[in-house]
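Trainee: Please take me through the aromatic rings in this model.

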Amino acid sequence: MYGLLSPTGGGDPFPLSKTEYVIGRHKSCDIVLNFSNVSSQHCKLVLSDGYWYILDLHSTNGVKVNGNRVTDRRVDPGITLAISKHEFKLQYDPRQNGASGLPPNKMLHGDDILSQSLMQRAGLEKVKPQDTVADDELDLGAALLAHLTPKPVVPQAARDFFSELVFD
């Protein structure tokens, strides 16, 4: 077993015996939370490098770790985790799950930090689909790139400084 997800308000804990769980209202989810304010596929718990991470699956009411809304976050042992308004404690030992050394990055997909605005990362703005680039914009970009590419410098023949001097 990799840990235990326990509701803080009472109820049966969920033993975590797999390395990945989809949590939501739909009956196909690994952990079903049958509440109207929980999205059909609300979030995902993923075990990586001995630590559990929570990923929001674009839910309506979000996911919070220690009261802060997140989209991708490491959940350290004993931390309070809220799925919509339903709070849980995640209890586990990272060393028993294979962790060694310093804790890994706070985000599972941490290298993708610039893919969202600060407002989106805070959960205050929905992610908008990116606009497509027109073909003529691509051609303009290629032309600009060709213009900025340095040309090889061909050395000129050495000139005699004194041959260009004019005396009256």
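**Aromatic pairs and charges over rings**

Mentor: The count comes to three aromatic pairs, where rings of Phe, Tyr and Trp (its six-membered ring) pair if their centres lie within 6.5 Å. This is a predicted model in which local features need pLDDT of at least 70, side-chain atom pairs count only at pLDDT 80 or more, and totals for chains, interfaces and linings use all residues. Residues are numbered from 1 along each chain as its sequence is written, and side-chain values use heavy atoms, with hydrogens and water left out.

Trainee: Is the pair of Phe14 and Phe88 stacked, edge-to-face or tilted?

Mentor: Planes under 30 degrees apart count as stacked, over 60 as edge-to-face and the rest as tilted. Phe14 and Phe88 are 6.5 Å apart centre to centre, with 50° between the planes, so the pair is tilted.

Trainee: How many residues apart in sequence are the parts that this pair ties together?

Mentor: Strands here are DSSP runs (E, at least two residues), numbered from the N terminus. Phe14 lies in strand S2 (residues 14–16) and Phe88 in strand S11 (residues 86–91), so the parts tied together are apart in sequence by 74 residues.

Trainee: Is Phe88 buried, partly exposed or exposed?

Mentor: Buried means under 20% relative accessible area, exposed over 50%, partly exposed in between (1.4 Å probe, protein chains only). Phe14, at 24%, is partly exposed. Phe88 has a relative accessible area of 4%, so Phe88 is buried.

Trainee: Which residue has its charged end over the ring of Tyr51?

Mentor: The rule asks for NZ of Lys or CZ of Arg within 6 Å of the ring centre and within 35 degrees of the ring normal. At 5.5 Å from the centre of the Tyr51 ring sits the charged end of Arg74.

Notes. Helix = DSSP H or I, 4+ residues; strand = E, 2+ residues; numbered from the N terminus.
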